[in-house]
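Biologist: Hi! Could you walk me through this one before I start working with it?
Modeller: Happy to, here it is.

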Amino acid sequence: MSSINPARPPATPPRAAAPKAALNVDYINFFIEAVVSTFSTMVGESPVREKVMLKTEGDENFGVSGIIGLAGEAAGSVVLNLNEDTARNVVGKFTGAAYQTLTSDVIDGVGELTNIIAGDAKNRLRTKGYSFDIGLPRVVAGRNYITMPTRGVPCVVVKFGSPLGGLSLEVCLRKG
Amino acid sequence: MPKTVLVVDDSAMMRKVVIHNLTAAGLVVNILESPNGQDALEKFKGGGIDVVLSDWNMPIMDGITLVREIRKCDPAKLATIIMITTEDSPDKVKEAVLAGANHYLVKPFTPERFKEKLSKVLA
């Protein structure tokens, strides 16, 4: 399911201090591997991890975000963020089509890539004894929206660079 | 005469990606599409389908049920069924093979891996 939110949201509300709960680094590494694997195989470009940081506030986004819920050993969500140009470039390579604007196909393509990344990470985690279920992807597209971390849930942002443009992955998980 | 391939996935985008991979691999085929197992089964019963490429998780009728239903009307396994899914656990692969699937392709896949699986079947 996808939705478009062109309206500028209100300013980021004040947040509580960063959550102290630890996030298992294994989880993050498997999601990073899943992003690299999915993009290098299905899009034909390998993104390079540039920065890993804790997310404590809602960041302003610009483009398309694929969001998928996780449940099981740990519960939370994964968000794949691409700006509009990156989304058009990435989905163009994914489908073999050219997109001049942010069409419904581009939005659906980001949702499908998010789904494949989450599924790939789930498979990698299973081989190490971690059990997760993934939900159905949702996609938000528009300008100046923010994705807020859930209070008390550790959230890590991984920024990637690629020839198709920058992208980021947010992994927010707490013990289930 | 080109073979007929039925691409089954509830995601229109994923059907588009599979069709793009068929075309990019230079495989000359007739292509049909279905958004779920029930629709795919009706198309299959209509005849003329050589290869079914099916997702696992779909509404109305999932991929594993589709495989079982196809094999009920194709016990000689004349049609080739390839599951294309993110489900890669050994239990799932075994379940699909026991149900009658011929091949199993896990997403994400490279164009080379896709072509390798399909070119043998479509030769």
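Biologist: What is the mean pLDDT of chain A?
Modeller: This is a predicted model, and the mean pLDDT of chain A is 86. Of its residues, 86% reach 70 or more.

Biologist: Which elements of chain A have the lowest and the highest mean pLDDT?
Modeller: Strand S1 (residues 2-5) of chain A has the lowest, at 46, while H2(A) has the highest, at 97. Over residues 1-20 of chain A the pLDDT is below 50. Beyond near neighbours in sequence, that stretch still has 29 contacts in the model. Where pLDDT is low, the predicted coordinates should not be read in detail.

Biologist: Noted. How many helices and strands are in chain A?
Modeller: Chain A has three helices and eight strands. Along the sequence they come in the pattern β-α-β-β-β-α-α-β-β-β-β.

Biologist: And what share of chain A is buried?
Modeller: Buried residues make up 44% of the 176 residues in chain A. As for contacts in chain A with a separation of 6 or more, 71% are between residues 24 or more positions apart.

Biologist: Let's look at strand S4 of chain A. Is it mostly covered or mostly exposed?
Modeller: Mostly covered: S4(A), residues 74-83, has eight of its ten residues buried.

Biologist: Which strands does S4(A) pair with?
Modeller: One of them is strand S3 (residues 59-72) of chain A, which pairs with S4(A) in the antiparallel sense over eight bridges. S3(A) and S4(A) form a hairpin with one residue between them, and Ile68(A) stands opposite Val78(A) in S4(A). Strand S8 (residues 167-175) of chain A also runs antiparallel to S4(A), joined to it by nine bridges. There, Leu80(A) has Leu169(A) in S8(A) as its bridge partner.

Biologist: Switching to the largest nonpolar core: which residues touch the most other members?
Modeller: Phe31(A), Val64(A), Val110(A), Val52(B) and Leu53(B) do, out of 78 residues in that core. H3(A) gives the most to this core, with nine residues.

Biologist: What is Val64(A) in contact with, leaving aside its neighbours within four places in sequence?
Modeller: Val64(A) is in contact with Leu82(A), Ala87(A), Leu102(A), Val106(A), Ile107(A), Val110(A), Val139(A) and Ala141(A).

Biologist: Now the contact between the chains. How many residues does each one put in?
Modeller: Chain A puts in 16 residues and chain B 15 residues. On the side of chain A that touches chain B, helix H1 (25-43), helix H2 (84-95) and helix H3 (104-127) of chain A each give two or more residues. H3(A) gives the most, with nine residues. By type, that side of chain A divides into three nonpolar, eight polar and five charged.

Conventions. Residues are numbered from 1 along each chain as its sequence is written. Chains are lettered from A and ligands numbered from 1 in the order in which they are written. This is a predicted model: local features need pLDDT of at least 70, side-chain atom pairs count only at pLDDT 80 or more; totals for chains, interfaces and linings use all residues. Two residues are in contact if their C-beta atoms, placed from the backbone, lie within 7 Å. Helices (H or I, at least four residues) and strands (E, at least two) are DSSP runs, numbered from the N terminus. Ala, Val, Leu, Ile, Met, Phe, Trp, Tyr, Cys and Pro count as nonpolar, Asp, Glu, Lys and Arg as charged, and the others, Gly among them, as polar. A nonpolar core is a set of buried Ala, Val, Leu, Ile, Met, Phe, Trp, Tyr and Cys residues joined through C-beta atoms within 7 Å. A residue is buried if 20 or more other C-beta atoms lie within 10 Å of its own, exposed if 12 or fewer, and partly exposed in between; C-beta atoms are placed from the backbone. pLDDT is the predictor's confidence in each residue, from 0 to 100. Two strands pair if DSSP finds at least two bridges between them.
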